[in-house]
Amino acid sequence: MPKNENKLGLVAMTALVTGAIVGSGIFSLPQNMAEGAGAGAIIIAWVITFFGMFCLTKIFQWLSLNRPDIKDGIYGYVHSGFGDFLGFNAAWGYWISVWVGSVGYLVVMFSAVGSFQHFSFFGNGSTLSAMICGIITLWTLHFFILQGVRSATMLNVIITAAKMIPLILFIFIVILAFKIDTFKINFWGTPDLGSITDQVKNTMLYTVWVFLGIECATVYASRAKSMQVVSQATLLGFVFTFILLCCVSLLSLGVVPQAELAAMRNPSMAQVISVAVGPWGGVLINIGLIISIAGALLAWTMIASEMLYLAAKGKKNTVPSFFGKLNSKQVPAHSMWLSNSLISMFLIINYLNDAGYNILIQLASSMALIPYLLCASFAFKLALKSKKRSFGLLAFTSLGTIYGLWLIYAGGLHYLLLSLLLYCCGLPFFFYSRKERDMPYFSNSKEKIMVALVIFGAGCAVYQLNMGGLAL
């Protein structure tokens with residue numbers, strides 16, 4: 001482990017959180033939100049998201065301060081609270097969520113590059129040339145990170161500062177161009193969008209996507225100077241990014257009517273600002289997006305490999321111990337090789353299926369829902385057992401748990417089944433780790449029931465894929 005003087009302080013940890021959250025999501029948020037809801041439903045969705053994500057933020061903050069003995073982030077909390085199998089699934093689900101999200105990052109990044117005239121061959125980011133350049137970019141980053149986590153983290157601080165400039169400029173410009181009459185058009189949506197409840201549900205996976213990373217300070221807790229730093233970085237990252245996200249999604253509806261915004265190509269922020277000030281604005285935003293994704297990709301590549309490493313290290317590993325080894329620069333190289341190989345494979349699948357950015361990020365969001373729910377449940381469990389009963393503690397941990405359940409419901413059966421299919425793929429890893437530890441495959445009957453449910457859900461997903469009921 002790094003010496004204390006080399007550990008991460010508040011600025012670096014906050015930049016890590018902000019850099020992970022403010023990736024590609026914010027640049028496509030105007031279209032993503034308008035695609036499924038009118039302005040009224042979007043406001044309701046942000047109110048729900050504020051309270052839900054605030055509770056989750058408080059939960060991660062509270063856990064970092066009150067369980068400093070757990071230094072393995074999401075995996076450590078769930079493993080400590082619910083045992084090997086659910087701990088493994090928290091790590092597995094979060095790990096897949098992160099690297100699938102990285103596929104989405106590369107797709108939208110080359111879509112932004114494709115908006116420049118001389119690079120139009122990149123198209124919407126799913127062309128052959130975009131796939132090849134995406135893979136080259138990924139592996140260049142891979143070998144850079146292998147040289148050491150700390151040098152990569154300091155670069156992330158610089159990139160996070162750089163990408164804030166076009167975002168703040170965008171907000172300033174759309175405030176000046178905002179027209180209340182435009183904002184009121186289809187305020188409660190159109191009949192095609194369904195009821196208000198349906199519209200709010202349509203936005204939920206996108207709100208999760210833009211907040212993925214809020215917990216990443218806990219993933220890196222063992223590398224921070226103190227648990228107080230982890231706690232402060234988590235809260236600062238949440239407040240700052242929530243303000244940015246609300247401004248970008250709502251103010252855009254006062255510049256471009258909802259129906260036109262829903263039909264825009266992503267990254268839609270570039271299209272919106274072009275309407276307000278002309279093409280130069282779109283060029284600026286696309287450059288900002290490329291810088292932003294470079295930072296987010298850097299942060300998420302580190303986080304993905306770290307998560308698998310945490311579950312694989314030590315004597316109580318729930319992932320094969322092969323992935324729990326560090327190279328001479330303290331980087332979990334084996335884990336990173338697997339993560340980036342799978343990202344490359346998904347880039348090829350995306351090229352063949354032309355799945356596109358929106359589907360990828362909704363799948364990535366759905367994979368993170370179960371880990372979030374389990375963390376909230378662990379905190380609620382601790383709150384119930386606490387000798388010092390606190391109404392505030394019980395309130396935000398129970399609300400966080402309810403919010404986690406609501407997100408799974410709002411995400412819909414489609415993504416739940418696809419998620420279970422990906423969870424099922426992890427079972428051989430879990431069983432192999434049991435074999436390494438000379439333990440039976442199942443510790444108790446509860447684990448047998450949970451494995452059966454995962455396999456049943458995966459079977460339903462495969463059946464639906466064959467029948468055309470599901471698609472990637």
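Modeller: Buried means under 20% relative accessible area, exposed over 50%, and partly exposed in between (1.4 Å probe, protein chains only). This is a predicted model, in which local features need pLDDT of at least 70, side-chain atom pairs count only at pLDDT 80 or more, and totals for chains, interfaces and linings use all residues. Residues are numbered from 1 along each chain as its sequence is written, and side-chain values use heavy atoms, with hydrogens and water left out.

Biologist: Does D84 count as buried or exposed?

Modeller: The relative accessibility of D84 is 13%. Buried means under 20%, so D84 counts as buried.

Biologist: How many salt bridges are there?

Modeller: A salt bridge is a side-chain nitrogen of Lys or Arg within 4 Å of a carboxyl oxygen of Asp or Glu. By this rule, the count comes to five.

Biologist: How many residues apart in sequence are the parts that R434 and D84 tie together?

Modeller: The side chains of R434 and D84 meet in a salt bridge at 3.7 Å, N to O. R434 lies in helix α19 (residues 427-436) and D84 in helix α5 (residues 84-114), so the parts tied together are apart in sequence by 350 residues. Helices here are DSSP runs (H or I, at least four residues), numbered from the N terminus. The separation asked for is 350 residues.

Biologist: Where does R437, another partner of D84, lie?

Modeller: The side chains of R437 and D84 form a salt bridge at 3.1 Å, N to O. D84 is in helix α5, so this pair ties together parts that are 353 residues apart in sequence. R437 itself lies in the loop between α19 and α20 (445-467).

Biologist: Which residues do salt bridges with shared partners join into one network?

Modeller: R434 also meets E447 in a salt bridge, at 3.2 Å, N to O. R434 lies in helix α19 and E447 in helix α20, so the pair ties together parts 13 residues apart in sequence. Both R434 and E447 are buried. Through shared partners, the network joins D84, R434, R437 and E447.

Biologist: In which helix is the place of L128?

Modeller: With a relative accessible area of 43%, L128 is partly exposed. The place of L128 is in helix α6.

Terms used: Helix = DSSP H or I, 4+ residues; strand = E, 2+ residues; numbered from the N terminus.
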